[in-house]
Amino acid sequence: MLKKYSTNRLDIKNKGTITSKRVIHIAEDLSYNYGEDVVVYDVKNKSPFVSYYIVCSVSNETKMRKVVQVAEDSLYDNYKLLDHKEGKNNSKWILLDARDVVIQLFLRDERERVNFDSLYSDCPHKVVICEKEPVYRKRKKINEK
């Protein structure tokens with residue numbers, strides 16, 4: 001897989017801890033594969049239906065299609081389910097729901113317009129920037145051979 005570096009363009013700092021390794025694996029996959037400004041929010045105390053939000057920006061629609069595919073694959077690898085998907089491939093905002101984990105994928109300007117991050121800024125969250133292929137992906141490739 002080709003890698004375009006990830007940056008943190010938003011003024012978001014880590015707060016608290018994220019305990020789910022599976023959620024961090026998904027966020028690392030997104031960051032490694034063209035996702036920008038990837039943030040994991042722990043909303044267990046704020047939402048009765050969702051435990052984690054993973055929020056990610058992409059710079060254009062072509063990368064959005066790639067990141068949607070990566071997100072679906074990563075959800076399957078880590079949770080074995082994808083409950084439903086909202087938004088089409090040419091949307092500015094796509095939501096992938098795996099019941100207790102919801103991935104929000106935005107085009108960069110749409111994320112700024114919606115200002116989703118301000119809703120959960122008081123919850124524990126982690127900014128994820130992954131420059132190298134995620135470790136669990138490397139292990140999975142070795143086991144498949």
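Helices (H or I, at least four residues) and strands (E, at least two) are DSSP runs, numbered from the N terminus. In this predicted model, local features need pLDDT of at least 70 and side-chain atom pairs count only at pLDDT 80 or more, while totals for chains, interfaces and linings use all residues. Residues are numbered from 1 along each chain as its sequence is written, and side-chain values use heavy atoms, with hydrogens and water left out.

The chain holds four helices and six strands, and when it is read along the sequence these follow the pattern α-β-β-α-β-β-β-α-β-α. Of its 145 residues, 49% count as buried, that is, under 20% relative accessible area with a 1.4 Å probe, protein chains only. Contact means heavy atoms within 4.5 Å, and among contacts between residues at least 6 apart in sequence, 67% join residues at least 24 apart.

On the α1 side, the contact is made by Arg22, Val23, His25, Ile26, Asp29 and Leu30, and on the α2 side by Val67, Val70, Ala71, Ser74, Leu75, Asn78 and Tyr79. These residues divide into eight nonpolar, three polar and two charged, where Ala, Val, Leu, Ile, Met, Phe, Trp, Tyr, Cys and Pro count as nonpolar, Asp, Glu, Lys and Arg as charged, and the others, Gly among them, as polar.

Definitions and conventions
Buried < 20%, exposed > 50% of the residue type's maximum accessible area, 1.4 Å probe, protein only.
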